[in-house]
Amino acid sequence: MNKTYIFLLLGLISSLINAQQVYNIPNNLKDSNRSIKDAFTITNQETKNLTLFIDDNKTFNAYVYDKAMDRLDELSSVGLPNRYDEILGYIQKENRTILFLKHRNNKEFGAIVYDFKSNETKEIQFDIKFKNEEFVEVLSKNNKFYIISVEEKSSKINFYEFGGISYNKHTIHLDYNFRIERNQPQTLHQMLSVSEGLGSNLEIEKIENYLPVSVQMASSMNKFYETTNGFDLSLDKSIYETYIVSVDVNSYEYQIHQFEKPKYSSTETFYGNSFLLDNNIFQLVANSDELYFQVINRESGESLKKLTLKKDESIDFKNSPIIQDKEGDIYAPHRELEKTSKFLRKIDNENIAISVYKVGFGYQITMGSYNEIKQGGPMMMGMPGMSMSMGGGFGLVASAYFSYSYGKSVRIECLFDEQFRHLDGKPRKNIFDKIKDYAEVLQNNDTAETVFEWNNDVYYGYYSSITESYRLIKF
(Lines give C-alpha, C1' and ligand atoms only; values in the text may rest on other atoms or scores of the structure.)
Protein backbone atom coordinates (compact mmCIF):
# COMPACT_ATOMS: atom_id res chain seq x y z
CA MET A 1 0.00 0.00 0.00
CA ASN A 2 1.27 3.49 -0.81
CA LYS A 3 2.94 5.11 2.24
CA THR A 4 1.33 8.46 1.51
CA TYR A 5 -2.10 6.81 1.53
CA ILE A 6 -1.35 5.08 4.86
CA PHE A 7 -0.33 8.36 6.51
CA LEU A 8 -3.41 10.11 5.15
CA LEU A 9 -5.67 7.32 6.43
CA LEU A 10 -4.04 7.33 9.87
CA GLY A 11 -4.32 11.09 9.99
CA LEU A 12 -8.02 10.92 9.11
CA ILE A 13 -8.70 8.31 11.79
CA SER A 14 -6.80 10.35 14.37
CA SER A 15 -8.62 13.56 13.51
CA LEU A 16 -12.03 11.86 13.64
CA ILE A 17 -11.35 10.27 17.03
CA ASN A 18 -9.94 13.48 18.46
CA ALA A 19 -12.99 15.37 17.23
CA GLN A 20 -15.32 13.16 19.29
CA GLN A 21 -15.57 12.35 22.99
CA VAL A 22 -14.67 8.69 23.57
CA TYR A 23 -15.48 6.56 26.64
CA ASN A 24 -14.06 3.12 27.41
CA ILE A 25 -16.32 0.88 29.51
CA PRO A 26 -14.56 -2.18 30.95
CA ASN A 27 -16.47 -5.46 30.74
CA ASN A 28 -15.13 -6.84 34.03
CA LEU A 29 -18.07 -9.25 34.48
CA LYS A 30 -17.08 -11.11 31.32
CA ASP A 31 -17.11 -14.87 31.99
CA SER A 32 -16.19 -16.30 28.61
CA ASN A 33 -13.28 -16.35 26.20
CA ARG A 34 -15.66 -16.16 23.27
CA SER A 35 -16.02 -12.89 21.43
CA ILE A 36 -18.70 -10.38 22.40
CA LYS A 37 -21.40 -10.00 19.78
CA ASP A 38 -24.31 -8.20 21.41
CA ALA A 39 -24.78 -4.95 23.31
CA PHE A 40 -27.87 -2.94 24.20
CA THR A 41 -28.58 0.24 26.13
CA ILE A 42 -31.35 1.72 28.26
CA THR A 43 -31.43 5.45 28.89
CA ASN A 44 -33.49 6.64 31.85
CA GLN A 45 -35.26 9.96 31.23
CA GLU A 46 -35.84 10.61 34.95
CA THR A 47 -32.45 9.75 36.48
CA LYS A 48 -30.48 10.51 33.28
CA ASN A 49 -28.59 7.25 33.88
CA LEU A 50 -27.38 4.84 31.21
CA THR A 51 -27.54 1.05 31.52
CA LEU A 52 -25.34 -0.91 29.13
CA PHE A 53 -26.07 -4.63 28.62
CA ILE A 54 -23.37 -6.88 27.17
CA ASP A 55 -24.03 -10.50 26.20
CA ASP A 56 -20.82 -12.56 26.48
CA ASN A 57 -22.51 -15.89 25.53
CA LYS A 58 -22.54 -17.22 29.11
CA THR A 59 -23.93 -14.24 31.02
CA PHE A 60 -25.87 -11.07 30.31
CA ASN A 61 -24.02 -8.25 32.07
CA ALA A 62 -25.52 -4.91 33.07
CA TYR A 63 -23.50 -1.78 33.86
CA VAL A 64 -25.16 1.42 35.16
CA TYR A 65 -23.57 4.85 34.62
CA ASP A 66 -24.63 8.34 35.61
CA LYS A 67 -24.57 11.29 33.21
CA ALA A 68 -20.95 12.04 34.21
CA MET A 69 -20.04 8.50 33.05
CA ASP A 70 -19.25 7.31 36.58
CA ARG A 71 -20.19 3.67 37.20
CA LEU A 72 -22.98 3.25 39.76
CA ASP A 73 -23.82 -0.46 39.60
CA GLU A 74 -23.10 -3.72 37.83
CA LEU A 75 -24.95 -7.03 37.81
CA SER A 76 -24.85 -10.26 35.81
CA SER A 77 -27.64 -12.66 34.79
CA VAL A 78 -27.43 -16.20 33.41
CA GLY A 79 -30.21 -15.19 31.00
CA LEU A 80 -33.21 -17.06 29.63
CA PRO A 81 -33.05 -20.18 27.42
CA ASN A 82 -31.38 -19.51 24.05
CA ARG A 83 -34.57 -19.36 22.05
CA TYR A 84 -35.63 -16.21 23.92
CA ASP A 85 -33.44 -14.20 21.59
CA GLU A 86 -35.28 -10.93 20.94
CA ILE A 87 -35.34 -8.10 23.47
CA LEU A 88 -38.65 -6.26 23.22
CA GLY A 89 -38.50 -3.53 25.84
CA TYR A 90 -38.23 -2.78 29.50
CA ILE A 91 -39.67 -1.25 32.68
CA GLN A 92 -37.25 0.67 34.87
CA LYS A 93 -38.30 1.73 38.38
CA GLU A 94 -35.87 2.94 41.03
CA ASN A 95 -33.20 0.23 41.44
CA ARG A 96 -34.95 -2.43 39.37
CA THR A 97 -34.89 -3.03 35.62
CA ILE A 98 -37.10 -5.59 33.87
CA LEU A 99 -36.06 -6.67 30.37
CA PHE A 100 -38.83 -8.32 28.32
CA LEU A 101 -37.88 -10.93 25.72
CA LYS A 102 -39.70 -12.87 23.01
CA HIS A 103 -39.24 -16.51 22.05
CA ARG A 104 -38.30 -17.01 18.41
CA ASN A 105 -41.61 -18.83 17.86
CA ASN A 106 -43.35 -15.44 18.38
CA LYS A 107 -45.76 -17.05 20.83
CA GLU A 108 -43.95 -17.08 24.20
CA PHE A 109 -42.44 -14.34 26.33
CA GLY A 110 -40.12 -13.96 29.28
CA ALA A 111 -38.22 -11.41 31.35
CA ILE A 112 -34.95 -10.85 33.20
CA VAL A 113 -35.24 -8.81 36.40
CA TYR A 114 -32.13 -6.93 37.56
CA ASP A 115 -32.50 -5.81 41.20
CA PHE A 116 -29.49 -3.61 41.85
CA LYS A 117 -30.53 -2.98 45.47
CA SER A 118 -30.49 -6.66 46.46
CA ASN A 119 -27.78 -7.44 43.89
CA GLU A 120 -29.91 -10.31 42.53
CA THR A 121 -31.42 -11.28 39.19
CA LYS A 122 -34.49 -13.34 38.34
CA GLU A 123 -35.33 -15.06 35.06
CA ILE A 124 -39.05 -15.49 34.28
CA GLN A 125 -40.98 -17.34 31.59
CA PHE A 126 -44.54 -15.97 31.46
CA ASP A 127 -47.59 -18.16 31.00
CA ILE A 128 -48.54 -16.26 27.83
CA LYS A 129 -48.69 -18.69 24.92
CA PHE A 130 -50.38 -17.35 21.83
CA LYS A 131 -53.08 -19.53 20.32
CA ASN A 132 -55.04 -18.25 17.34
CA GLU A 133 -53.38 -14.86 17.68
CA GLU A 134 -50.22 -13.29 16.24
CA PHE A 135 -47.69 -10.86 17.65
CA VAL A 136 -48.08 -7.29 16.38
CA GLU A 137 -45.84 -4.97 18.42
CA VAL A 138 -44.89 -3.72 21.87
CA LEU A 139 -45.28 -0.36 23.56
CA SER A 140 -43.72 1.25 26.64
CA LYS A 141 -45.75 4.02 28.26
CA ASN A 142 -45.62 5.61 31.72
CA ASN A 143 -43.64 2.77 33.30
CA LYS A 144 -45.95 0.20 31.75
CA PHE A 145 -45.15 -2.31 29.03
CA TYR A 146 -47.66 -3.65 26.50
CA ILE A 147 -47.46 -6.75 24.31
CA ILE A 148 -49.93 -6.33 21.45
CA SER A 149 -51.42 -9.10 19.31
CA VAL A 150 -54.21 -9.56 16.79
CA GLU A 151 -56.51 -12.57 16.71
CA GLU A 152 -56.41 -14.58 13.50
CA LYS A 153 -59.10 -13.89 10.90
CA SER A 154 -60.49 -11.06 13.01
CA SER A 155 -60.12 -7.40 13.96
CA LYS A 156 -59.67 -8.11 17.67
CA ILE A 157 -56.56 -6.59 19.27
CA ASN A 158 -55.26 -8.02 22.55
CA PHE A 159 -53.13 -6.03 24.98
CA TYR A 160 -51.03 -7.72 27.68
CA GLU A 161 -50.37 -4.83 30.07
CA PHE A 162 -47.44 -5.12 32.49
CA GLY A 163 -46.79 -2.82 35.45
CA GLY A 164 -44.10 -5.19 36.71
CA ILE A 165 -43.80 -8.95 36.33
CA SER A 166 -47.58 -9.51 36.39
CA TYR A 167 -50.01 -8.51 33.65
CA ASN A 168 -53.64 -7.80 32.81
CA LYS A 169 -55.22 -8.63 29.46
CA HIS A 170 -57.45 -6.19 27.55
CA THR A 171 -59.20 -6.68 24.21
CA ILE A 172 -60.73 -4.22 21.76
CA HIS A 173 -62.68 -5.13 18.65
CA LEU A 174 -62.39 -2.82 15.66
CA ASP A 175 -65.92 -2.55 14.32
CA TYR A 176 -64.80 -1.62 10.81
CA ASN A 177 -64.69 -3.10 7.34
CA PHE A 178 -61.36 -2.54 5.57
CA ARG A 179 -60.85 -3.19 1.86
CA ILE A 180 -57.86 -4.00 -0.35
CA GLU A 181 -58.70 -4.25 -4.07
CA ARG A 182 -62.43 -4.88 -4.12
CA ASN A 183 -65.26 -3.90 -1.84
CA GLN A 184 -65.13 -7.26 -0.07
CA PRO A 185 -64.73 -6.62 3.71
CA GLN A 186 -61.30 -7.40 5.16
CA THR A 187 -60.27 -7.87 8.80
CA LEU A 188 -57.33 -6.16 10.49
CA HIS A 189 -55.51 -9.50 10.47
CA GLN A 190 -55.92 -9.69 6.69
CA MET A 191 -54.67 -6.14 6.27
CA LEU A 192 -51.51 -6.92 8.26
CA SER A 193 -50.79 -10.29 6.60
CA VAL A 194 -48.39 -10.80 3.70
CA SER A 195 -47.74 -14.01 1.80
CA GLU A 196 -44.42 -15.69 2.48
CA GLY A 197 -43.63 -19.01 0.85
CA LEU A 198 -46.48 -21.42 1.52
CA GLY A 199 -47.79 -19.40 4.44
CA SER A 200 -48.11 -15.82 5.61
CA ASN A 201 -46.70 -13.49 8.25
CA LEU A 202 -47.65 -10.13 9.66
CA GLU A 203 -45.82 -7.12 8.25
CA ILE A 204 -45.49 -4.22 10.71
CA GLU A 205 -42.59 -1.79 11.04
CA LYS A 206 -42.19 0.38 14.12
CA ILE A 207 -41.24 3.91 13.10
CA GLU A 208 -39.59 6.67 15.13
CA ASN A 209 -40.34 9.58 12.84
CA TYR A 210 -38.06 12.04 14.66
CA LEU A 211 -35.15 9.99 13.24
CA PRO A 212 -34.00 9.58 9.64
CA VAL A 213 -36.00 6.56 8.43
CA SER A 214 -34.49 4.34 5.75
CA VAL A 215 -36.28 3.43 2.55
CA GLN A 216 -36.22 -0.16 3.76
CA MET A 217 -38.17 0.63 6.93
CA ALA A 218 -40.49 3.02 5.14
CA SER A 219 -41.32 0.40 2.51
CA SER A 220 -43.43 -1.58 4.98
CA MET A 221 -47.12 -1.49 4.07
CA ASN A 222 -48.05 -1.24 7.75
CA LYS A 223 -46.35 1.13 10.17
CA PHE A 224 -46.61 1.53 13.93
CA TYR A 225 -46.06 5.03 15.38
CA GLU A 226 -45.97 5.75 19.11
CA THR A 227 -48.19 8.68 20.19
CA THR A 228 -48.69 10.56 23.46
CA ASN A 229 -51.47 8.25 24.67
CA GLY A 230 -50.86 5.10 22.64
CA PHE A 231 -50.15 4.50 18.97
CA ASP A 232 -51.16 5.07 15.36
CA LEU A 233 -51.17 2.07 13.02
CA SER A 234 -51.16 3.01 9.33
CA LEU A 235 -52.36 0.45 6.77
CA ASP A 236 -51.47 0.80 3.08
CA LYS A 237 -52.47 -2.53 1.60
CA SER A 238 -55.57 -0.99 0.02
CA ILE A 239 -55.18 0.43 -3.50
CA TYR A 240 -57.81 3.04 -2.69
CA GLU A 241 -56.90 4.61 0.65
CA THR A 242 -54.61 4.67 3.66
CA TYR A 243 -56.23 3.66 6.95
CA ILE A 244 -55.01 4.99 10.30
CA VAL A 245 -56.02 3.14 13.46
CA SER A 246 -55.43 5.30 16.55
CA VAL A 247 -55.53 3.60 19.97
CA ASP A 248 -55.45 5.18 23.45
CA VAL A 249 -53.96 2.61 25.86
CA ASN A 250 -55.21 4.54 28.89
CA SER A 251 -58.88 4.05 27.99
CA TYR A 252 -58.58 1.34 25.31
CA GLU A 253 -60.63 3.47 22.96
CA TYR A 254 -59.87 3.74 19.26
CA GLN A 255 -60.58 5.81 16.16
CA ILE A 256 -60.18 4.88 12.49
CA HIS A 257 -59.69 7.38 9.69
CA GLN A 258 -59.12 6.81 6.00
CA PHE A 259 -57.38 9.03 3.46
CA GLU A 260 -57.92 8.53 -0.24
CA LYS A 261 -54.71 7.92 -2.15
CA PRO A 262 -53.69 10.31 -4.95
CA LYS A 263 -55.54 9.85 -8.23
CA TYR A 264 -53.75 8.18 -11.10
CA SER A 265 -54.51 8.29 -14.84
CA SER A 266 -53.06 4.93 -15.83
CA THR A 267 -55.22 1.84 -15.96
CA GLU A 268 -52.20 -0.34 -15.19
CA THR A 269 -51.21 -1.70 -11.80
CA PHE A 270 -49.67 0.81 -9.42
CA TYR A 271 -48.16 0.73 -5.92
CA GLY A 272 -48.46 3.16 -3.04
CA ASN A 273 -47.31 3.91 0.49
CA SER A 274 -47.50 6.63 3.15
CA PHE A 275 -45.67 8.25 6.07
CA LEU A 276 -46.99 10.11 9.14
CA LEU A 277 -45.34 13.20 10.62
CA ASP A 278 -46.49 16.46 12.26
CA ASN A 279 -50.18 15.54 12.07
CA ASN A 280 -49.84 15.20 8.29
CA ILE A 281 -50.02 12.15 6.07
CA PHE A 282 -47.59 11.99 3.13
CA GLN A 283 -48.75 9.67 0.34
CA LEU A 284 -46.95 8.37 -2.74
CA VAL A 285 -48.30 6.21 -5.58
CA ALA A 286 -46.46 5.28 -8.77
CA ASN A 287 -46.06 2.86 -11.63
CA SER A 288 -43.61 2.75 -14.53
CA ASP A 289 -45.44 5.60 -16.29
CA GLU A 290 -46.20 8.17 -13.61
CA LEU A 291 -45.90 9.24 -9.98
CA TYR A 292 -48.31 11.09 -7.68
CA PHE A 293 -47.43 12.65 -4.32
CA GLN A 294 -49.61 14.50 -1.86
CA VAL A 295 -49.64 15.84 1.71
CA ILE A 296 -52.91 15.96 3.69
CA ASN A 297 -53.56 17.44 7.13
CA ARG A 298 -54.99 14.60 9.21
CA GLU A 299 -57.35 16.80 11.27
CA SER A 300 -58.85 19.05 8.62
CA GLY A 301 -58.44 16.77 5.61
CA GLU A 302 -57.02 19.74 3.70
CA SER A 303 -54.65 18.96 0.84
CA LEU A 304 -51.40 20.84 1.53
CA LYS A 305 -49.33 19.73 -1.48
CA LYS A 306 -49.73 17.80 -4.72
CA LEU A 307 -47.09 16.78 -7.26
CA THR A 308 -47.32 14.72 -10.43
CA LEU A 309 -44.55 13.27 -12.59
CA LYS A 310 -44.59 11.44 -15.91
CA LYS A 311 -41.83 9.26 -17.30
CA ASP A 312 -40.86 11.69 -20.07
CA GLU A 313 -40.54 14.65 -17.66
CA SER A 314 -37.55 15.81 -15.66
CA ILE A 315 -37.81 15.64 -11.86
CA ASP A 316 -37.67 19.33 -11.00
CA PHE A 317 -38.49 18.77 -7.30
CA LYS A 318 -35.48 16.56 -6.48
CA ASN A 319 -32.37 17.83 -4.70
CA SER A 320 -30.17 14.82 -5.32
CA PRO A 321 -29.32 12.58 -8.24
CA ILE A 322 -31.39 9.43 -8.71
CA ILE A 323 -29.36 7.21 -6.38
CA GLN A 324 -29.06 3.45 -6.69
CA ASP A 325 -27.09 1.69 -3.96
CA LYS A 326 -24.77 -1.17 -4.81
CA GLU A 327 -25.00 -4.52 -3.07
CA GLY A 328 -22.07 -5.73 -1.02
CA ASP A 329 -19.86 -3.36 0.95
CA ILE A 330 -21.99 -0.70 2.66
CA TYR A 331 -19.29 1.85 1.87
CA ALA A 332 -19.27 1.08 -1.87
CA PRO A 333 -20.13 4.13 -3.99
CA HIS A 334 -23.64 4.25 -5.38
CA ARG A 335 -24.73 4.57 -8.99
CA GLU A 336 -26.58 7.56 -10.37
CA LEU A 337 -29.41 7.07 -12.86
CA GLU A 338 -30.13 9.71 -15.46
CA LYS A 339 -33.66 9.15 -16.74
CA THR A 340 -36.98 9.60 -14.97
CA SER A 341 -38.30 6.53 -16.80
CA LYS A 342 -35.59 4.37 -15.18
CA PHE A 343 -36.45 5.72 -11.74
CA LEU A 344 -40.15 4.98 -12.20
CA ARG A 345 -39.42 1.46 -13.42
CA LYS A 346 -37.21 0.85 -10.38
CA ILE A 347 -39.89 1.92 -7.88
CA ASP A 348 -42.77 0.18 -9.67
CA ASN A 349 -43.01 -2.61 -7.08
CA GLU A 350 -44.47 -3.50 -3.69
CA ASN A 351 -41.42 -2.05 -1.88
CA ILE A 352 -42.22 1.53 -2.88
CA ALA A 353 -41.55 3.94 -0.02
CA ILE A 354 -41.76 7.51 1.16
CA SER A 355 -39.84 8.74 4.20
CA VAL A 356 -40.01 12.21 5.76
CA TYR A 357 -37.47 13.78 8.11
CA LYS A 358 -37.93 17.13 9.88
CA VAL A 359 -34.99 19.48 9.38
CA GLY A 360 -34.45 23.07 10.48
CA PHE A 361 -35.86 24.68 7.35
CA GLY A 362 -38.72 22.23 6.82
CA TYR A 363 -38.72 18.67 5.47
CA GLN A 364 -36.36 16.31 3.68
CA ILE A 365 -38.51 13.81 1.79
CA THR A 366 -37.16 10.57 0.34
CA MET A 367 -39.06 8.81 -2.46
CA GLY A 368 -37.91 5.45 -3.71
CA SER A 369 -38.00 1.70 -3.36
CA TYR A 370 -36.13 -0.85 -1.27
CA ASN A 371 -34.04 -3.53 -2.97
CA GLU A 372 -34.03 -6.82 -1.10
CA ILE A 373 -30.59 -8.39 -0.74
CA LYS A 374 -30.85 -11.92 -2.06
CA GLN A 375 -28.02 -13.43 -0.06
CA GLY A 376 -25.24 -12.48 2.29
CA GLY A 377 -25.01 -9.06 3.88
CA PRO A 378 -25.74 -8.12 7.47
CA MET A 379 -28.96 -8.65 9.34
CA MET A 380 -31.29 -5.76 8.65
CA MET A 381 -33.18 -5.67 11.91
CA GLY A 382 -31.08 -5.19 14.98
CA MET A 383 -27.32 -5.23 14.63
CA PRO A 384 -24.99 -6.83 12.11
CA GLY A 385 -24.16 -10.46 12.86
CA MET A 386 -26.17 -10.60 16.06
CA SER A 387 -27.31 -13.76 17.77
CA MET A 388 -29.80 -11.74 19.79
CA SER A 389 -31.90 -9.05 18.16
CA MET A 390 -33.83 -5.99 19.24
CA GLY A 391 -37.57 -5.82 18.90
CA GLY A 392 -39.72 -2.83 18.12
CA GLY A 393 -39.76 -1.46 21.64
CA PHE A 394 -36.02 -1.60 22.22
CA GLY A 395 -33.03 -0.07 20.50
CA LEU A 396 -35.06 1.84 17.93
CA VAL A 397 -32.24 4.31 17.25
CA ALA A 398 -29.82 1.44 16.58
CA SER A 399 -32.31 -0.38 14.35
CA ALA A 400 -32.97 2.81 12.40
CA TYR A 401 -29.23 3.45 11.99
CA PHE A 402 -28.35 -0.04 10.74
CA SER A 403 -31.29 -0.11 8.37
CA TYR A 404 -30.27 3.33 7.10
CA SER A 405 -26.61 2.32 6.66
CA TYR A 406 -26.99 -1.22 5.32
CA GLY A 407 -30.24 -0.98 3.34
CA LYS A 408 -30.08 -0.95 -0.46
CA SER A 409 -32.47 1.29 -2.32
CA VAL A 410 -33.24 3.47 -5.33
CA ARG A 411 -34.24 6.94 -4.24
CA ILE A 412 -34.34 10.69 -4.67
CA GLU A 413 -34.03 13.30 -1.90
CA CYS A 414 -36.31 16.35 -1.96
CA LEU A 415 -36.28 19.51 0.18
CA PHE A 416 -39.39 21.51 1.09
CA ASP A 417 -40.05 24.34 3.52
CA GLU A 418 -42.78 24.19 6.19
CA GLN A 419 -45.38 25.32 3.63
CA PHE A 420 -44.18 22.53 1.28
CA ARG A 421 -42.62 24.88 -1.24
CA HIS A 422 -39.68 23.24 -2.99
CA LEU A 423 -36.25 24.52 -1.97
CA ASP A 424 -32.98 24.63 -3.86
CA GLY A 425 -29.74 23.24 -2.47
CA LYS A 426 -28.20 19.91 -1.54
CA PRO A 427 -29.50 17.66 1.27
CA ARG A 428 -27.47 18.02 4.45
CA LYS A 429 -25.81 15.09 6.15
CA ASN A 430 -27.86 13.81 9.08
CA ILE A 431 -26.53 12.22 12.26
CA PHE A 432 -26.58 8.72 10.73
CA ASP A 433 -24.49 9.92 7.77
CA LYS A 434 -21.94 11.37 10.20
CA ILE A 435 -21.73 8.15 12.23
CA LYS A 436 -21.37 6.10 9.05
CA ASP A 437 -18.50 8.34 7.92
CA TYR A 438 -16.85 7.91 11.30
CA ALA A 439 -17.28 4.12 11.36
CA GLU A 440 -15.94 3.75 7.82
CA VAL A 441 -12.37 4.63 8.80
CA LEU A 442 -12.29 2.63 12.03
CA GLN A 443 -10.87 -0.88 12.27
CA ASN A 444 -12.15 -3.85 14.30
CA ASN A 445 -15.40 -2.06 15.08
CA ASP A 446 -17.78 -4.69 13.69
CA THR A 447 -18.52 -6.36 17.04
CA ALA A 448 -21.60 -5.44 19.11
CA GLU A 449 -22.16 -2.14 17.35
CA THR A 450 -25.00 0.04 18.60
CA VAL A 451 -26.32 3.58 18.29
CA PHE A 452 -28.47 5.29 20.93
CA GLU A 453 -29.66 8.66 22.17
CA TRP A 454 -28.80 9.80 25.68
CA ASN A 455 -29.33 13.20 27.32
CA ASN A 456 -29.87 14.94 23.95
CA ASP A 457 -26.74 13.45 22.37
CA VAL A 458 -26.29 10.49 20.03
CA TYR A 459 -23.66 7.83 20.76
CA TYR A 460 -22.04 5.18 18.59
CA GLY A 461 -20.70 2.12 20.40
CA TYR A 462 -18.71 -1.02 19.62
CA TYR A 463 -16.77 -3.65 21.51
CA SER A 464 -12.98 -3.51 21.37
CA SER A 465 -11.43 -6.97 21.65
CA ILE A 466 -8.00 -5.39 22.06
CA THR A 467 -8.85 -3.49 25.25
CA GLU A 468 -11.67 -5.85 26.37
CA SER A 469 -13.85 -2.80 26.78
CA TYR A 470 -16.90 -1.25 25.17
CA ARG A 471 -16.21 2.06 23.42
CA LEU A 472 -18.77 4.84 23.26
CA ILE A 473 -18.28 7.81 20.95
CA LYS A 474 -20.37 10.91 21.53
CA PHE A 475 -21.65 12.86 18.51
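Buried means under 20% relative accessible area, exposed means over 50%, and partly exposed lies in between (1.4 Å probe, protein chains only). The model is predicted: local features need pLDDT of at least 70 and side-chain atom pairs count only at pLDDT 80 or more, while totals for chains, interfaces and linings use all residues. Residues are numbered from 1 along each chain as its sequence is written, and side-chain values use heavy atoms, with hydrogens and water left out.

Q: Why is lysine 346 called partly exposed?
A: Lysine 346 has a relative accessible area of 34%.

Q: What makes Arg335, Lys339, Lys342, Arg345 and Lys346 a patch of positive charge?
A: Lys and Arg count as positive, Asp and Glu as negative, and His and the chain ends are not counted. A patch takes residues with over 30% relative accessible area and no salt bridge, and like charges are joined within 9 Å. The place of a charge is NZ of Lys, CZ of Arg, CG of Asp or CD of Glu. These five residues gather on the surface in such a patch. Helix 4 (residues 340-347) gives the largest share, three residues, and lysine 346 has its place in helix 4. Helices (H or I, at least four residues) and strands (E, at least two) are DSSP runs, numbered from the N terminus.

Q: Why is the contact between aspartate 236 and lysine 261 called a salt bridge?
A: A salt bridge is a side-chain nitrogen of Lys or Arg within 4 Å of a carboxyl oxygen of Asp or Glu. The closest N and O atoms of aspartate 236 and lysine 261 are 3.3 Å apart, so by the rule of within 4 Å this is a salt bridge. The pair links distant parts of the chain, 25 residues apart. Both residues are buried. By this rule the count comes to 16 salt bridges.

Q: How do you know that lysine 358 and aspartate 278 form a salt bridge?
A: Their closest N and O atoms are 3.0 Å apart, and the rule asks for within 4 Å. Lysine 358 is in strand 27 (residues 352-359) and aspartate 278 is in the loop between strand 21 and strand 22 (280-286), 80 residues apart. Lysine 358 is partly exposed at 35%, and aspartate 278 is partly exposed at 38%.

Q: Why is asparagine 456 counted as exposed?
A: Its relative accessibility is 76%, and exposed means over 50%. Asparagine 456 lies in the loop between strand 31 (450-454) and strand 32 (457-464).

Q: What is the phi of asparagine 456?
A: Asparagine 456 has a positive phi of about 70° although it is not a glycine. Most residues other than glycine have a negative phi.

Technical notes
Patch = residues over 30% accessible without salt bridge, like charges linked within 9 Å, V, L, I, M, F, W, Y side chains within 5 Å. Areas by Shrake-Rupley, 256 points an atom, 1.4 Å probe, with all protein chains shown as cover.
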